[in-house]
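This report describes the ligand site and the pockets of one protein model. Please examine the structure below before reading on.

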Amino acid sequence: MRSYSLIAPAKINLHLKIIGDRPDGYHELAMVLQGIDLADRVILNANGTDQFRLHCDHPEVPTDQSNLAYKAAVLMTQEFPDAFEQYGGANITIDKYIPVGAGLAGGSTNGAAVLVGLDLIWGLGLTQGELQDLAAKLGSDVPFCIAGGTAIATGRGEQLSPLPSLDSLYAVLAKYRSLSVSTAWAYQTYRQQFGDSYPPIAATGSVPATTPLKQRAHAGEIVSAIMQHDGARIGRLLHNDLEKVVLPAYPQVLQLRETMQQFNPLGVMMSGSGPTVFALVESQKEAEHLQRQIQAALPDPDLQTWVTRFRAGGIQIA
Ligand code: C5P
């Protein structure tokens, strides 16, 4: 029986701009995504049966069909029925280190790991592009999780252009354990409050009004700061439109963000739909110092913090 142990890294959003509605009901986005060292471990053991069994000790992680790791396995059986018939299912164990409902793509990276793991177990030899096409069927962040690193993401978040690696930078992450934010809620609320300013959805066959905004994402200021590896400028250019709806609804997150800002890191921003907030710094020493400052300023047992380094690759064999 074959078995693989995979590292499944989390991501943060260095930039998240909502540029309009899409005909499929999602939002058209212009983002810069960054993989980080904070990672789950996903272990797949071929079990020679026609079943997939999911195990995870974390109380908030479902182990049924609603888990993206499970959905990834089902997708693979549908796409590759002959391989499933020949090699069978697997026991999938998720060792959870990435906080849940945090805006860090924890569920997405588990789904990405199962795609990579079954590709290996079933000997399919899929390319990264083929894996990313499958990943897009599971969720908007899953294609990024396959390749990781630093990338511009447009469309729903699934159209990726890799950028030079920033893996010498560090982030201090902070999240209240008891808080989580629904991504669907954050986008819906944003649409209710700011949807009036979206450009109109294009009729089939015509060029969408969002196209120039999307193209601008590739030549944005933060992209040039990344090309120049200018940490201070990247820090000043961090942006997340979803802060406009999440921070007013979650005053604790706003206070956390303001506290982190007070210690003058290169920049502070909420990741994805939150509620994780991260601060950007240039070395591990600075990151550890900042972590102690945050813990001293907010001595709340519900507050969790992590020091993590930017990471170059995506899903990897452990
Ligand atoms: O794709 P994923 O399942 O991760 O998205 C979760 C939710 O976030 C979607 O149901 C949708 O409400 C919202 N979303 C969106 N536009 C995107 C990505 C996500 O509206 N580009």
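**Terms and basis**

In this report Ala, Val, Leu, Ile, Met, Phe, Trp, Tyr, Cys and Pro count as nonpolar, Asp, Glu, Lys and Arg as charged, and the others, Gly among them, as polar. The model is predicted: local features need pLDDT of at least 70, side-chain atom pairs count only at pLDDT 80 or more, and totals for chains, interfaces and linings use all residues. Residues are numbered from 1 along each chain as its sequence is written, and side-chain values use heavy atoms, with hydrogens and water left out.

**The largest pocket**

The largest pocket has a volume of about 1,200 Å³. A pocket is found on a 1 Å grid over the protein atoms alone, as an open set of points where a 1.4 Å probe fits, with protein on both sides within 12 Å along at least five of seven lines; lining residues have an atom within 4 Å of a point. A volume is the space filled by probe spheres set on the points, which are joined across faces, edges and corners.

Of the 44 lining residues, Leu68, Ser108, Asp141, Thr183 and Ala184 are the closest to the centre of this pocket. The lining divides into 18 nonpolar, 18 polar and eight charged residues. Its largest contribution, five residues, comes from α6; helices (H or I, at least four residues) and strands (E, at least two) are DSSP runs, numbered from the N terminus.

**The ligand site**

The ligand takes up the space of the largest pocket, a molecule being placed in a pocket if more than half of its atoms lie within 2 Å of the grid points. Around the ligand are Tyr26, His27, Leu29, Gly139, Ser140, Arg156, Thr183, Ala184 and Tyr187, each with a heavy atom within 4 Å of it. This shell comprises four nonpolar residues, four polar and one charged, and α6 gives the most to it, with three residues.

Polar contacts are pairs of N or O atoms within 3.5 Å. A polar side-chain atom of Ser140 lies 2.6 Å from a ligand oxygen atom. Ligand nitrogen atoms also lie 2.8 Å from a polar backbone atom of His27 and 3.0 Å from a backbone N or O atom of Arg156.

**The second largest pocket**

The second largest pocket has a volume of about 380 Å³. Its lining has 23 residues, with His15, Lys17, Ile19, Ala30 and Leu213 nearest the centre. Here β1 gives the most, with four residues. The lining divides into 15 nonpolar, three polar and five charged residues.

Notes
A polar contact is a pair of N or O atoms within 3.5 Å; within protein, one must be able to donate a hydrogen and the other to accept it, and residues adjacent in sequence count only if both atoms are side-chain atoms.
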